Amino acid sequence: MTDYLADVQKYDSGADEAVVNKIVRHLGIALRNKDSSLVSATDPKELDRVREKWCEKKLGVVGAEADAAISATTKAMSADRSKSRVTFYYLVAKNLGKLQTL
């Protein structure tokens, strides 16, 4: 779990370990496979999946607000070729102001 926390801390030095752990538990088995543990920010289907499964179902945010948070996260992580799903989801939740609801 510390690897996930360290990756999140590259983007948010004050990241809450408990929140990161909740995201790791939420993602569960998806993190076991290298391919599914990463987010492809250039794949529209992947971003749709993030919007539907994470923003809408888990965080309760839809529409332009969700799209803006995903876009901001993609931009923030643009230098990182391998975008960790845990970090991506954390930053989307942070951009939406939803970290405390996890």
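**Figure 1. Helix 4 packs against helix 5 at an angle of about 130 degrees.** In this predicted model, helix 4 covers residues 63-76 and helix 5 covers residues 85-95, and their axes lie 9 Å apart. Helix 4 is therefore oblique to helix 5. Their crossing is right-handed. On the side of helix 4, the residues that make the contact are Ala69, Ile70, Ala72, Thr73 and Thr74. Helix 5 contributes Phe88, Leu91, Val92 and Asn95. By class, six of the residues in this contact are nonpolar and three are polar, with no charged residue.

**Figure 2. Helix 3 crosses helix 5 at roughly 60 degrees.** Helix 3 is formed by residues 44-58, and its axis comes within 12 Å of the axis of helix 5. This angle makes helix 3 oblique to helix 5. The crossing of helix 3 with helix 5 is right-handed. Glu46, Leu47, Val50, Trp54 and Cys55 are the residues of helix 3 that take part. They meet Arg85, Phe88, Tyr89, Val92 and Ala93 of helix 5. The contact of helix 3 with helix 5 holds eight nonpolar and two charged residues, and no polar ones.

**Figure 3. Helix 3 also crosses helix 4, at roughly 120 degrees.** The axes of helix 3 and helix 4 come within 10 Å. The two helices are therefore oblique to each other. Helix 3 passes helix 4 in a right-handed crossing. From helix 3, Leu47, Val50, Arg51 and Cys55 make the contact. Their partners in helix 4 are Ala66, Asp67, Ile70 and Thr74. Five residues of the contact between helix 3 and helix 4 are nonpolar, one is polar and two are charged.

**Figure 4. Arginine 85 is a buried residue of helix 5.** The relative accessible area of arginine 85 is 7%, and a residue counts as buried under 20%. Apart from neighbours within four places in sequence, arginine 85 is in contact with Leu27, Ser36, Ser37, Leu38, Val39, Glu46 and Val50. Leu27, another partner of arginine 85, is one of the buried residues of helix 2.

**Figure 5. Arginine 81 lies in the loop between helix 4 and strand 2.** Strand 2 is made of residues 83-84. Arginine 81 has a relative accessible area of 81% and is exposed, whereas arginine 85 is buried. From arginine 81 to glycine 97, the C-alpha to C-alpha distance is 25 Å. In sequence, arginine 81 and glycine 97 are 16 residues apart.

**Figure 6. Helix 2 is shown with the residues at its two ends.** Helix 2 comprises residues 17-27, and its buried residues include Val19, Val20, Asn21, Ile23, Val24 and Leu27. Residues three or four places apart on an α-helix point the same way, because there are 3.6 residues a turn. At the start of helix 2, a side-chain oxygen of aspartate 16 comes to within 2.9 Å of the backbone nitrogen of alanine 18. Glycine 28 follows helix 2 and has a positive phi, near 45 degrees.

Notes
Residues numbered from 1 in each chain as written. Predicted model: local features only at pLDDT ≥ 70, side-chain atom pairs only at ≥ 80, totals over all residues. Heavy atoms only, no water. Axes fitted to C-alpha atoms, helices over the stretch in contact; angles between N-to-C directions. Helix = DSSP H or I, 4+ residues; strand = E, 2+ residues; numbered from the N terminus. Parallel < 35°, antiparallel > 145°, perpendicular 65-115°, else oblique. Left-handed = near helix turned anticlockwise from the far one by under 90°. Contact = heavy atoms within 4.5 Å. Nonpolar A, V, L, I, M, F, W, Y, C, P; charged D, E, K, R; others polar. Buried < 20%, exposed > 50% of the residue type's maximum accessible area, 1.4 Å probe, protein only. Polar contact = N/O pair within 3.5 Å; in protein donor to acceptor, adjacent residues only side chain to side chain.
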